[in-house]
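Reader: I would like to learn how to read this structure feature by feature. Where do we begin?

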Amino acid sequence: MDDGGSRIRRRVSLPKRKRPSLGRIFVAPTAAELERGDEKEEEMVAENRRRKTAGLIPVEVQPRLLSDSPDCLVLGGGDTKPDLLRRMPTDGGVGYQHNDSEEDMFGDYDSFTENSFIAEADDLEQKYMQLPEHQKHATDFATENLCSESIKNKLSVTPIGNLTELQTDKHTENQNGYEDVTDEPGADLLYEVPSSQAMYFENLQNASNDFGDQFMKERDGRSSSHNTVNEELPHNCIEQPQQNDESSSKVRTSSDINRRTSIKDHLKSTMTGNAKAQTPVFSRSKQLKETLLSEEINVAKKTIESSSNDLGPFYSLPSKVRDLYVQLKGIEKLYEWQHTCLTLKSVQERKNLIYSLPTSGGKTLVAEILMLQELLCSRKDVLMILPYVAIVQEKLHMIGEGSRGAILEMTLAKILYTSKTTQIIGMSATLNNVEDLQKFLQAEYYTSQFRPVELKEYLKINDTIYEIDSKAENGITFSRFLNYKYSDTLKKMDPDHLVALVTEVIPNYSCLVFCPSKKNCENVAEMICKFLSKEYLKHKEKEKCEVINNLKNIGNGNLCPVLKRTIPFGVAYHHSGLTSDERKLLEEAYSTGVLCLFTCTSTLAAGVNLPARRVILRAPYVAMEFLKRNQYKQMIGRAGRAGIDTIGESILILQEKDKQQVLELITRPLENCYSHLVQEFTKGIQTLFLSLIGLKIATNLDDIYHFMNGTFFGVQQNILLKEKSLWEITVESLRYLTERGLVQKDTIYKSEEEVQHNFHITKLGRASFKGTIDLAYCDILYRDLKKGLEGLVLESLLHLIYLTTPYDLVSQCNPDWMIYFRQFSQLSPAEQNVAAILGVSESFIGKKASGQAIRKKVDKDVVNRLYLSFVLYSLLKETSIWTVSEKFNMPRGYVQNLLTGAASFSSCVLHFCEELEEFWVYRALLVELTKKLTYCVKAELIPLMEVTGVLEGRAKQLYSAGYKSLMHLANANPEVLIRTIDHLSRRQAKQIVSSAKMLLHEKAEALQEEVEELLRLPSDFPGAVASATDEA
């Protein structure tokens, strides 16, 4: 190393055996290893220049593994959004594989052992050894302590032996099977870090000097075996000691030289260890807490396995979990029903369970505790089917709602048929024919009418408000008249007295107004704001300005004009026309009280937990359909916030003409829940049979019929089937799949009387099954892809985009013909060629735009699909949802949903093509197109957007700050990110870094598995069987 302080940067990668990595343990060298006896100096120098790891003693601990398949299934019907559940650190870890091939980081620079630095350490050691009270400590600790005390001001090093706490966070372990060592610990493991972070590392050196004293005080009471693991990537900056005067390099005795060399070896091993680990500060109290937590988990695990009724610290969970609920959610005590439910005998015995309570009763908390029991105590996996509109929206009662219900029923039926150990927990706010569900799920049932906040229901007719009273003769009693002075203008603008109703509660309390349509939501929000006094503008004015600025940021400077006018009053609309980012931001503002009024559609009641003091139903309709009892109960269930309100109110506004229907609505029982497995033919029973045969769950007629009897449809067959039997429907569905070429039937004659019909999946069937293609469209998709091979236009992406535009969105498309014609006329010759291949001409679009009669028949679905392809094509070129939304006069939420659907369908088509050799040409093309559709940003931002929590705006910020790759983010320090990136919270920064690390490790693991597969001897290798026989 030259005097200029130049640094050596080498990356050493050590392949390890493939195994789960939960932790890694290192032990400090013993005295016997440091005191090596009287060896020749020449041999020691040579030994030091060879590769070695004398400072690290491997200790291997076999971890407990989570099972490969989920052992608990939770069906969400709760309303509280559950926090992301992480598997908490437990005892166990992965041992460090002894590395006898590691490069000596300082192998070529042994000259520094002759300078005053080592001489000074040696002199101090000799003085220390001569002290009477310390002579008995002539061990490695004496040497190590003196060296540490002497050199800590010259080296920014914390001896690795000082670190005693074992960290087992799987997100920060090197799960990729490599151990990375960088000679310059301040550097990135893979690439140089951004300049903005380099400054942080320089400041870290100064702080590291203070760490030594703390470690010295804790050292004496500890044993010689210490362990550590690098919780984060290394950030230490090690400075090489400079040459001193020659007076320190004098001749010593043989034993002195041996001792000095042993110190040198120990220093080098210590510095090597420090290069692998950051310099964290671990307190004794924190170490004790972690030990206690581990002990509690073991106790809880034993409790669950035993038949004892003693539930341990917190329902078989560590007291740490209870403390976190208090700290993060303010939950100090469970409701009585929650305690009863969690202590049910059926729950303790891991039986299937259905529990039902009114909205906001606290169902989700019970689900969280049950999941944590599985994850932490039983060490088993959990699958939760979430109830959110933007994700899945499969509440248990939704098993009776269309294709979503059919998919949920198929999933549950397969789990029940294939696994007898998986526990199913179903929760819902609205259930009626629960007996059928109990029989289907083979479950116990628990219900309660508990509600933390009393709910009062009202009806409003004209200016009179009635309270719903089940004891009254006609179900309602007079409550009050509305006392609000209306001007003539206000009466015309607000005939339903919405302004009067909302101003009784806002801005101090929150209010939801449910409207029949999306457009009505926006109109009502604007109308209310026109008649609110300017006093409302002053309420949380600063916070509302921040909301507006945040909306502009996520919209790249764009802001909805309606929201711009309503947010200053604390009012906003909420429906599917908003982008997901806008909805999330507005929901957070509402939850924190910045916004006090939402005008929304019924979808908010179904999937988002946004309670209010008062809920107003603008009309007893959802779109053009009259309200159902289930929908009504969901909407009014949002009234009353636990811990905030003492009462909740719901007001249904109705006209005199709807009074009788509404009275029937509020008194009738909830609607029954029925299976949609057969009604949703292609998405239901046919898809189910194809997957049963493809997964080999059931492959003959008898087994498939037996499976069908165990479904929810099978339970209800006597109610649902009038003309045909279940056997006939089973046979017909299998015949349909056979005729379509998706499955093939084999007839086996076991005897003259006994015949068995077996089925196996064809290549087309496997492609449809693997690609999860709706069977209604698999033939069309095959024809489109086949036709595309005849003349695939690759000069632009338009042709490929057309092939991946979702079929199920075509029927919802109503093209604006003037916009269609304008876009068509701007196509390049290659793009016009695509339209010609599809059979859509410019003259046809021109005639449609001008309203002329068209004699030539053109496939309407093809025309509409091409129009949607234009939208997607514009998105990929411009990457701005706002710009494209304005260009095509479409709601930006619809444009975003189209993009999301296209990305998903593109992935499905890719898997479809992978199973059919004739479509090999599409494979590479669709991989890249799927990425483009998924992220819809410039190519350089795609790697950053693979990280959870990084959207387009954030990706641009990170890229501008120098974080241009996944490796940059994985090596970033959250504290530096907070200071570098605007509007980034500490929680978000930590999430980004941990997600990047996990993603990086996953990619490395995949590469390692590929390497091991390539190096593994093939099982069919010629001579392998013969040699094995010879050995035997």
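Author: We begin with a loop. This is a predicted model. Pro507 sits in the loop between helix H16 (498-503) and E13.

Reader: What joins Ile506 and Pro507?

Author: Look at omega for the peptide bond. Ile506 and Pro507 are joined by a cis peptide bond, with omega about 5°.

Reader: How many bridges does E14 make with E15, and in which sense?

Author: Strand E14 (residues 571-574) pairs with E15 over four bridges, in the parallel sense. Here Tyr573 is opposite Thr599 of E15.

Reader: What unit do E14, helix H21 and E15 make?

Author: Follow the path from strand to helix to strand. E14, helix H21 (residues 580-591) and E15 form a β-α-β unit, and it is right-handed.

Reader: Which residues cover the two faces of E15?

Author: Check each side of the strand in turn. Leu597 and Thr599 are on one side of E15, Phe598 and Cys600 on the other. All four are buried, and both faces are covered.

Reader: Take Thr599. Where does Thr599 lie, and which residues are in contact with it?

Author: Thr599 belongs to strand E15 (residues 597-600). Its relative accessibility is 0%, so Thr599 counts as buried. Set aside neighbours within four places in sequence. Then the contacts of Thr599 include Val513, Cys515, Cys521, Val524 and Ala525. Ala572, Tyr573 and His574 are also among them.

Reader: Now backbone angles. What is phi at Ser316?

Author: The thing to look for is a positive phi in a residue other than glycine. Ser316 has one, about 70°. Ser316 lies in the loop between helix H8 (284-305) and helix H9 (319-329).

Reader: Is Ser316 buried or exposed?

Author: Compare the relative area with the cut-off. Buried means under 20%. Ser316 has 2%, so Ser316 is buried.

Reader: And Thr772: what is its phi, and is Thr772 buried or exposed?

Author: Phi of Thr772 is also positive, near 45°. Thr772 is in the loop between helix H30 (763-770) and helix H31 (778-790). The cut-off for exposed is over 50%. Thr772 has 59% relative accessibility, so Thr772 counts as exposed.

Reader: How far apart are Ala972 and Ala989 in sequence and in space?

Author: Read both separations. The two residues are 17 apart in sequence, and 9.2 Å apart in space, C-alpha to C-alpha. Ala972 is placed in the loop between helix H42 (966-970) and helix H43 (974-980). Its relative accessible area is 1%, so Ala972 is buried.

Reader: What about cysteines? How many disulfides are there?

Author: The test is distance: a pair of cysteine sulfur atoms within 2.5 Å. By this rule there are zero disulfides. Burial is a separate reading. Cys813 is buried at 3% relative accessibility, and Cys908 is buried at 14%.

Reader: Last, the whole chain. How many helices and strands are there, and what share of residues is buried?

Author: The protein chain has 45 helices and 21 strands. Its residues number 1032, and 52% of them count as buried. Take contacts between residues at least 6 apart in sequence: 76% join residues at least 24 apart. The accessible surface is about 49,700 Å², with 50% belonging to carbon and sulfur atoms.

How values were computed
Residues are numbered from 1 along each chain as its sequence is written. This is a predicted model: local features need pLDDT of at least 70, side-chain atom pairs count only at pLDDT 80 or more; totals for chains, interfaces and linings use all residues. Side-chain values use heavy atoms; hydrogens and water are left out. Buried means under 20% relative accessible area, exposed over 50%, partly exposed in between (1.4 Å probe, protein chains only). Contact means heavy atoms within 4.5 Å. Two strands pair if DSSP finds at least two bridges between them. A crossover is right-handed if, with the strands pointing away from the viewer, the path from the first strand over the helix to the second runs clockwise. Accessible areas come from the Shrake-Rupley method with a 1.4 Å probe; for residues, only the protein chains shown count as cover.
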